[in-house]
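Good morning, and thank you for joining this group meeting. Please look at the sequence and the structure while I speak.

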Amino acid sequence: LDLANTRVTGQLSDLVEYFRGSLTSLILHGTAVTGNLVDITKMDFIRQVDLSSTRVVGQLTADWRGRCPRLKMLQLQNSSVQFAPVGKHFGDLTKFATHPAGEILPELSYLDLSNCPVNSPIENLLLPLAMCNRLRFLLADGSGVFGAVPRLRKVSAIIDDQREDGFTFPLCRRLLSLDLSYNNVSWLSDLFGMPGAGRMIFRENHQINLSPGLLTQSLRQGIILDLRGTELRKKEEALQLVQEGGLQTTDMYAYRDEVAGYTCKDVVSMIIQVTPHKFLPETLCKCLPGWRGQGTMCQVCPANKFSDELGLDTCKSCPANSTAPEGSTKLADCKCQFGDLHDGACSCDKHQTLRDGNCVLCSKLHLQCNKTGSLASTAKPELSHIRLEAKAEEAYRCLPPVVGQRCPGSEECGVGYTGTLCAACAEGFWATGGTCQPCGEANSKTVGILAFVGVAAVAAAFLAYYRASGQQAPQQTTVKMLLQGLMLRQGPVLLQLVQLWSVLSQLQQRSSSGKKLPEVPYLETLQLTTTELQNSLNLQCRFHAETVRTLAALSSPLAPLLLLGCCAALELYQGGLGVNAALKALTLLYIGGASSTAELLSCQSEDGDGKNLGNFAFRKAIRHLSCSQNDGVAFWVNAVGSSSAVAYVVLIPLFLAGVMVRQHFVCQEARLCNAYAKEEPRQITIRVRTLPAEVSEVRPKRLLAAAAAHMATYCRGKRLVQLHDGFVTISESQEVEEVQQDQLDELDVVKLTADTETSKKIDALRSRRLAEMLTERIMLDETEDRLMIGSKPLLCKYTLCQDIWMDVAMKLFAVALVSCGSMADGWKWAFALSLGMAVLVGVCQPYMQPQVSKLQSLSCLGLALASVAFVYDCAWLARAALVAPVMLLLWQVRCPDCMEALAERLYKELQSELPKLERGESHAVLVKQLRF
């Protein structure tokens, strides 16, 4: 009767009563039939019963003994049948009998209790069926059985009310498959003596304990033992089988659990079927990358750590200054906060370096980063750069010249250099021209020594001239003598040009190349300072170099001032002698002293690229001395520098200003006199008149001065001069010489462009100026004022004594140019000041000889061009600015005479004949400019 999956309902007992004597197969699968399983016992001929997925209940009881003798297949899966006896029923059914009336289901071969609510110990299920000698398949998966699987072989049992030892139940001889999956079986001690290819299935039992040797027995007898999803309580035998090769495993890790974080090798066996992470987790399984632990006990790697291999016990930490999310599986997952990963560490790429937590271009820090991972504190500086201190993260450009030799691109200065920016010279080297030379090469300065000797010779000649200028002039003046006088007046101008040109050469440090012109060190010798003197004599190699340089730097500003002090002592010895010597010393030494003072007080606060040095600034003159120091040597440096600065900037200009004020009162009478001429046929009468309030008698020398000025302006050729009471006459000689074109003054552009009347006014003003000049000379000769006596050579350098303001202006101009050398935009100020001074000198023409005024104006213009040339590395322009005044001087050699010199020469000739003229005699003079 097959009613499977129909809508049949009702009691099983009713159906059994109706068909009890005729049915052999009853299939009620999937119906709503209810009842008790025991009702089947009433069917004597039944062979197959399928009550799966029905509502039938019940369990084995003693009523089953001797019943259903032909039943072979009983399918109860997914029903409500408990089946396993409990309590007294279990006790009754474990009294085994071998006679037909006591047997339980003797012909049963297939029993399926899958998913039935057996919920009993396993022995309650197996022992009642132990005498079934035909049962081959027993399926009880998911039936809720638990506990140990009872032994059915070689046990002590009561059979037919008699105890038998070593008894083996018939179930062991016939059973081919026992399925106890998805239960809670805890112990298996025997394989029931199953034949080969028998199956004992214990899938998904939480944890099972196998008797020792059971796995080996299974492999040897070929009994399939399915332990998939079941954990072994004791793993020693399993581990031994795997290690000895009894159980083969896969080479690769085939099983993978992404959630739990592990992977396992599988067991390659058709006999023992296992789940590797349950069977031998510590041996077959390892944690996945991104996890840590042993076997299957894995934990995900925390943030900022990673594992890149299977089976790591601990996660690896990310490199410093990098972060990574949880579960990172490789080093590349660690993301650097700066740069990239190089050799397992966060570092900057090639040509970059780490500074303040960021990667920056090494070129900005002037460092060499030729490999990855460079650190700003250890990377080598670029060529021409050096660190200010060890481990500093930035290099600074060294100062010119020879920056590559001074800073060779390493942690140390070049040979012979030391200190901040390698600016100072090491022991055994001497400083010259901004470089450090070995003391063994001291002879290379021979040229400097010769230059210093040459300057000394020029100075001696200069002093000799001024000494000779106080003596009586010879009667006859030659062109050679005029040239010598002109050269001595032009010499100080050229010396001043060279001194200021070498001062402006400091601007070349701010140029792109920073290289000094090779002639600069030798021209610096003309500064005439003690620093240049010790360089020339190479004292640094004879004594302690640092001490020599310090003393030279301190004495360079003081030496001219001390010399001026000595001149004061000379003034006490002879009136005017000290003043005269002081003014001559200032002409030679003022610029060098002012420059030395500025250098002594100046701090090198910038490197070669103009970058601020901060606390590492050092003195330019004493390079081993920090600007932040205020004690010891620094105290004396500040004291000497400040006092010298006051002297050069304030006291000396005030002294010259005092001379200018004093001459104003001494020579005032010359400005009150007025000479006028009356022309008559072949004769000119010249009278001198003072202001109306002045009633003093006009002296003969004033008349002769007026006559000389008039002749120098208007006359050429031979003239007869005769002195009268209160006037002087100038008449033509019988031997009048025609005025030749080559005897006229040099071309006067103003007169050429003016009309006749204006030209006459210009001549009149010039004549008056010459007369005033000669009158001032007379007063200077007659004065007894010490200051004026000593200042006479200086005052006579100018046309009028009041033009001495130019000397004050030149001193201040020199101080200004010296200051420009240390200013950021100093070249602009130097250019403006020099250009302005060139225009001022060219317009005012203050010097007695126009040649000197032109030379001074061109020299100032050359300094303006030199300031630009040094900044923009235009060597030819800088040299041209220096050579152009020399070329002008050579051009002026052809005509060393001038109208002022002619007037002075005529006056001296008339003065020498004054006794003769006072007797009323006439004197013939030749009015002629001298030329080569």
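Predicted model: local features only at pLDDT ≥ 70, side-chain atom pairs only at ≥ 80, totals over all residues.

Let me begin with a question: how far is the sulfur of Cys715 from the closest cysteine sulfur, and in which residue does that closest sulfur lie? The closest one is in Cys898, 17 Å away, which is too far for a bond. A disulfide is counted here when two cysteine sulfur atoms lie within 2.5 Å. Cys715 is also buried, with a relative accessible area of 4%. By buried I mean under 20% relative accessible area, by exposed over 50%, and by partly exposed anything in between, computed with a 1.4 Å probe on protein chains only.

Residues are numbered from 1 along each chain as its sequence is written, and side-chain values use heavy atoms, with hydrogens and water left out.

I turn now to the disulfides. A disulfide is a covalent bond between the sulfur atoms of two cysteines. Under the stated rule, the count comes to 11 disulfides. One of them joins Cys264 and Cys285, with the sulfur atoms 1.9 Å apart. The angle about this S-S bond is 105 degrees, and the link of Cys264 and Cys285 is right-handed. Cys264 belongs to strand β20 (residues 262-264) and Cys285 to strand β23 (residues 285-287), so the pair ties together parts that are 21 residues apart in sequence. Helices (H or I, at least four residues) and strands (E, at least two) are DSSP runs, numbered from the N terminus. Both Cys264 and Cys285 are buried.

Another disulfide links Cys362 and Cys369, whose sulfur atoms are 1.8 Å apart. Its torsion about the S-S bond is about -95 degrees, so this disulfide is left-handed. Cys362 is buried at a relative accessible area of 2%, and Cys369 counts as buried at 2%. In the disulfide of Cys398 and Cys407, the sulfur atoms are 1.6 Å apart. With -85 degrees about the S-S bond, that link is left-handed. Cys567, by contrast, is in no disulfide, and the nearest cysteine sulfur, that of Cys566, is 6.9 Å away. Cys567 counts as buried, at 5% relative accessibility.

Next, the sheets. Strands of a sheet pair through backbone hydrogen bonds, either parallel or antiparallel. Two strands are taken to pair if DSSP finds at least two bridges between them. An open sheet of nine strands runs in the order β2-β4-β6-β7-β8-β12-β14-β16-β22, with parallel pairing. At its edges stand β2 (25-27) and β22 (272-274), each with a single partner strand, so one side of each is left without a neighbour in the sheet. Within this sheet, β12 (residues 177-179) and β14 (residues 199-201) pair in the parallel sense over three bridges, and the partner of Asp179 in β14 is Ile201.

An antiparallel example is the pairing of β46 (residues 717-723) with β48, over six bridges.

Finally, the aromatic rings. Rings of Phe, Tyr and Trp (its six-membered ring) pair if their centres lie within 6.5 Å; planes under 30 degrees apart count as stacked, over 60 as edge-to-face and the rest as tilted. The whole structure holds 10 aromatic pairs. In one of these, the rings of Tyr110 and Phe137 have centres 6.1 Å apart and planes at 50 degrees, so the pair is tilted. Tyr590 and Tyr648 form an edge-to-face pair, at 5.6 Å centre to centre and 65 degrees between the planes. Tyr590 lies in helix α17 (residues 577-601) and Tyr648 in helix α18 (residues 633-666), so the pair ties together parts that are 58 residues apart in sequence. Tyr590 counts as buried, at 1% relative accessibility. Thank you for your attention.
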